[in-house]
Amino acid sequence: MNAIPRKSAQQHAKSVAEISAAVRKYHDRGERFRIRHGSTNSTRQTATKGKHFVDTGSLSAILAVDTTRQTCVVEPNVPMDQLVKHTLAHHGLVPLVVMEFPGITVGGGFSGTSAESSSFRYGFFDRIIVSIEMVLANGDVVHCSEDENADLFHGAAGAMGTLGVITLLEVQLKPARTYVQTSYHPVTSVADAVGTIRKLATDPSIDYLDGIIFSQKQGAIIAGRLSDSSSEDEPKRTFSKPNDPWFYLHVRETIRNHPSDISIEAIPLAEYLFRYDRGAFWAARWAFDYFKTPFNSLTRRLFDGLMHTRILYKAQDATPLSASQYIAQDIGFPFPRAEEFINYANQVFGIWPLWLCPLKPTPHPTINPFPASGHNATELLLNVGLWGPAPTKRRDKFVGLNRDLEEKLTALGGGKALYAHTFYTEDEFWRIYDREWYDALRGKYGANSLPSVYDKVKGSIDANKSIRNRVLELRPLGGAYGVLKAIRYRYGSEYRQIKREAPL
């Protein structure tokens, strides 16, 4: 992704016309195609081979910001950090929901599943989208909103591009502030964490809310309030510089130093929004363990250039390790079931920390995680982020663990984000999601020539037994190859250009 280009509405229309013509050719020949947009934040092994692709990589511009309506019109490949920089610096506005990884794009947030610390107020990222422009599978260009093609507008959210090619989105904004006044609430048990975050979600003064559980006896619920000022006794913190701590380590140190008190500090808004970028929450800790490298402030500073999410994803995409040795799941539960799942996850996986994020659910039907039958659809869900090395290196056991997790979440009325490892059989998948609704929508808008949602996720079910992947699963070959790919990207022209344009 390069710096945001200048583009007029006429230039955008020309780009869309070219995409439309390419799609129409596939349609007329009766051939399926996939969309190539140039980046991914999925942990699934994705299909990249073949010649049937429509390239949307040129759609990476911000076209307009309407300060009266507090919206911006953007192309799908605009990343979050560059969107925030533009709206914040030039208009004093910020999107209602901002994904914590700066390289996630607006289109990816809409077509995938993106829930962040303001989602207890606004829902998934797709819920702050006012309208979209889409090229249908036959090449027709349509506009969708609550008032126009509303069924397609709602159905495309979270459907991973399986109903058409998104070419433009209108995003809701709100007035920005200088700081996020951030308070850390220590908790001493899983039940305490779940209860505290549920209670704080009812406080109308809170703008951002999430939590980190470090063990069954230690954690913090983190509440953020937008503010233009900070008191003299509130420390001001940043998390983007090499000397800064990783955010999750800072949280742990804060509650260790103040185990019984609520600590408060001021974080500049952009720093807060992307506070988990360095270390990818805590996923990058695995890299130190993999290479048997000490994990301390000196080594984190030494390797800081490789510890940002854009670069970490390049390393991940280069090898099959994350698809066979690393658990990556985001699962939404009704609050009364969350504690049971966390206890189960501890017994089976032993992975800590865990991320907690309350969510305003999406009305059914949807591909996004949704409340189980019988759950009050107006009540919040609690997302549990389970990210860490699997307790096995054997591929068959790895798949078995994920299958067991999927059975457990179904039994507890949970729903998962499909960016992650997915091992459902096709019958199991469509017993969870509303196939009749989804197929009817695909039929109405002629999307049957596109891969289905299940087509997009089913590749993770069977192990990739290629010689290349078998070799790259060997320690340290796979990790070393990933590092080489990351270094090449980190010191390449594309990343240097991004850093020149990034807000932090």
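Two strands pair if DSSP finds at least two bridges between them. Helices (H or I, at least four residues) and strands (E, at least two) are DSSP runs, numbered from the N terminus.

The model is predicted: local features need pLDDT of at least 70, side-chain atom pairs count only at pLDDT 80 or more, and totals for chains, interfaces and linings use all residues. Residues are numbered from 1 along each chain as its sequence is written, and side-chain values use heavy atoms, with hydrogens and water left out.

**Exercise 1. The eight-stranded sheet**

Task: State the strand order of the open sheet of eight strands, and find which strands stand at its edges.

Solution.

Step 1. The order is β12-β9-β11-β10-β14-β15-β13-β16, and the pairing is antiparallel.

Step 2. The edge strands are β12 (263-268) and β16 (415-416); each has a single partner strand, so one side of each is left without a neighbour in the sheet.

Step 3. Take one pair inside this order. Strand β14 (residues 354-359) runs antiparallel to strand β15 (residues 381-389), with five bridges between them. Within β15, Val 384 is the residue opposite Leu 356.

Step 4. Take β11 with its partners. β9 and β11 are joined by nine bridges in the antiparallel sense, and Gln 181 faces Arg 225 of β11. β10 and β11 are antiparallel too, with seven bridges; they form a hairpin with two residues between them. Ser 215 has Gln 218 of β11 as its bridge partner.

**Exercise 2. A residue in β11**

Task: Determine whether Ile 222 is buried or exposed, and list what Ile 222 contacts beyond its sequence neighbours.

Solution.

Step 1. Ile 222 belongs to strand β11. Eight of the 10 residues of β11 are buried, where buried means under 20% relative accessible area, exposed over 50%, and partly exposed in between (1.4 Å probe, protein chains only).

Step 2. The relative accessible area of Ile 222 is 0%, so Ile 222 is buried.

Step 3. Contact means heavy atoms within 4.5 Å. Leaving aside neighbours within four places in sequence, Ile 222 touches Thr 182, Ser 183, Tyr 184, Tyr 208, Leu 209, Asp 210, Gly 211, Ile 212, Phe 247, Val 251 and Tyr 276.

Step 4. For Ser 183, the C-alpha separation from Ile 222 is 5.7 Å, across 39 residues along the chain.

Step 5. Phe 247 and Val 251 are among the buried residues of helix α7 (residues 247-257). The buried residues of α7 pack against β9 (179-187), β10, β11 (218-227), β12, α9 (285-290) and α10 (297-302).

**Exercise 3. Helix α12 and its neighbours**

Task: Describe how α12 packs on the sheet, on α6 and on α13.

Solution.

Step 1. Axes are lines fitted to C-alpha atoms, for helices over the stretch in contact, and angles run from 0 to 180 degrees between N-to-C directions. α12 lies across β10 (208-215), β13 (326-334), β14 and β15, at about 155 degrees to β13. Helix α13 (residues 395-411) also packs on the sheet, touching β13, β15 and β16, and its direction makes about 5 degrees with that of β13.

Step 2. The axes of helix α6 (residues 190-200) and helix α12 (residues 335-348) come within 10 Å and cross at roughly 150 degrees. α6 is therefore roughly antiparallel to α12; the classes are under 35 degrees for roughly parallel, over 145 for roughly antiparallel, 65 to 115 for roughly perpendicular, and oblique for the rest.

Step 3. Val 190, Ala 191, Val 194, Ile 197 and Arg 198 of α6 meet Phe 335, Pro 336, Ala 338, Glu 339, Ile 342 and Asn 343 of α12. This contact of α6 with α12 has eight nonpolar, one polar and two charged residues. Here Ala, Val, Leu, Ile, Met, Phe, Trp, Tyr, Cys and Pro count as nonpolar, Asp, Glu, Lys and Arg as charged, and the others, Gly among them, as polar.

Step 4. α12 and α13 pack at about 165 degrees with axes 11 Å apart, and are therefore roughly antiparallel to each other.

Step 5. Arg 337, Glu 340, Phe 341, Tyr 344 and Val 348 of α12 meet Leu 401, Asp 404, Leu 405, Lys 408 and Ala 411 of α13. The contact of α12 with α13 has six nonpolar, no polar and four charged residues.
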